[in-house]
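Let's take a walk through this model, one piece at a time. Have a look at the sequence and the structure first.

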Amino acid sequence: QVQLEESGGGLVQPGGSLKLSCAASGFSFSTKAMSWHRQAPGKERELVAAISVSARTTNYADSVKGRFTISRDNAGNTVHLQMNGLKPEDTAVYYCATVRGWPQGTEYWGQGTQVTVSA
């Protein structure tokens, strides 16, 4: 079955860095665009970043552009989100997803990993 498993979340101080990873299985990873979304308490889930099959095209939310970088390793069936210069407003549960309808549409989701940015 399709599985997406996020890891790498945790507590970090403002200005710090964190790298999230998503391990994919049960489908042809190299044929799917991938994305990261996040949801903070009381807010709607929002697209953070998306990456095309070839990794030649990426999409970022304005709030994270220049601070976050999405990447993928098709040989290893993994997608990553490098987060630098973290701010308290980045606190949320981060989800990995396959893309169905570039860039915000989704197909399969992982369970999410908590990222908390606090002093």
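Four strands line up as an open sheet in the order β1-β3-β8-β7, with antiparallel pairing. (Strands are DSSP runs of E with at least two residues, numbered from the N terminus; two strands pair if DSSP finds at least two bridges between them.) At the edges stand β1 and β7 (68–73), each with a single partner strand, so one side of each has no neighbour in the sheet. On average, neighbouring strands here are turned by 15 degrees against each other, direction ignored. Keep in mind that this is a predicted model, where local features need pLDDT of at least 70 and side-chain atom pairs count only at pLDDT 80 or more, while totals for chains, interfaces and linings use all residues. Residues are numbered from 1 along each chain as its sequence is written, and side-chain values use heavy atoms, leaving out hydrogens and water.

Now follow β3. Five bridges join it to the antiparallel strand β1 (residues 3–7), and E5 has A23 as its bridge partner. With β8 (residues 78–83), β3 pairs over six bridges, again antiparallel; here C22 stands opposite V79 and L18 partners M83.

In a regular strand the side chains alternate between the two faces of the sheet. Along β3 (residues 18–25), L18, L20, C22 and A24 point to one face and are buried (under 20% relative accessible area, with exposed over 50% and partly exposed in between, using a 1.4 Å probe and protein chains only).

Finally, find W102 in the loop between β9 (92–99) and β10 (106–109). W102 counts as partly exposed because its relative accessibility is 40%.

Notes: Axes are lines fitted to C-alpha atoms, for helices over the stretch in contact, and angles run from 0 to 180 degrees between N-to-C directions.
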